[in-house]
Amino acid sequence: MADLTADEFNAKYPVGTPVMAYPGVRPEDPLTIRVRQRQRDGHYVDPASVELCEGLTTVTRTPAWTLGHGEPVVSVEGYAGGICLTHIDVIEGGADRG
């Protein structure tokens with residue numbers, strides 16, 4: 001959702017749209033890649049790093065809005081606060097009206 005403004009997101013995706021949210025870092029981020037590799041190799045990984053790299057399968061609970069510095073965000077069920085639209089992937093087959 002990197003290229004959508006809050007208004008564009010809201011026009012295309014209503015509240016309740018199924019999404020994969022990444023409150024910390026996205027799966028393609030080098031940190032996530034390193035954490036997953038260390039886990040696969042059986043090495044210790046700090047639990048805070050694991051949590052930072054987790055995704056959340058959920059639904060939107062508010063319309064998206066724009067923060068004062070210009071970043072569009074949306075709230076999802078199961079997470080307090082807004083998540084940047086760049087960290088939201090709409091789940092295929094969800095409520096895409098566009």
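Mentor: Thr-58 counts as buried, because its relative accessibility is 9% and the cut-off for buried is under 20%. The model is a predicted one, and the values that follow are computed from it. Thr-58 belongs to strand E2, which covers residues 56-59. A polar atom of the Thr-58 side chain lies 2.6 Å from the backbone oxygen of Glu-77. Glu-77 is also among the residues that Thr-58 touches, leaving aside those up to four places away in sequence; the others are Thr-17, Pro-18, Val-19, Ala-21 and Val-76.

Next, the sheet. Strands E3, E4 and E5 form an open sheet in that order, with antiparallel pairing. Its edge strands are E3 (65-66) and E5 (82-84), each of which pairs on one side only. Strand E4 covers residues 72-75, and its antiparallel pairing with E3 runs over 2 bridges. In one of the bridge pairings, Trp-65 has Val-73 in E4 as its partner. In general, strands of a sheet pair through backbone hydrogen bonds, in a parallel or an antiparallel sense.

Last, the aromatic rings. Searching the whole structure gives 1 aromatic pair. Phe-9 and Tyr-13 make up this pair, with 5.1 Å between the centres and 45° between the planes, and the arrangement is tilted. Phe-9 counts as buried because its relative accessible area is 1%. Tyr-13 is likewise buried, at 8% relative accessibility.

Definitions and conventions
Residues numbered from 1 in each chain as written. Predicted model: local features only at pLDDT ≥ 70, side-chain atom pairs only at ≥ 80, totals over all residues. Heavy atoms only, no water. Phe/Tyr/Trp six-rings, centres within 6.5 Å; stacked < 30°, edge-to-face > 60°. Buried < 20%, exposed > 50% of the residue type's maximum accessible area, 1.4 Å probe, protein only. Pairing = 2+ DSSP bridges. Helix = DSSP H or I, 4+ residues; strand = E, 2+ residues; numbered from the N terminus. Polar contact = N/O pair within 3.5 Å; in protein donor to acceptor, adjacent residues only side chain to side chain. Contact = heavy atoms within 4.5 Å.
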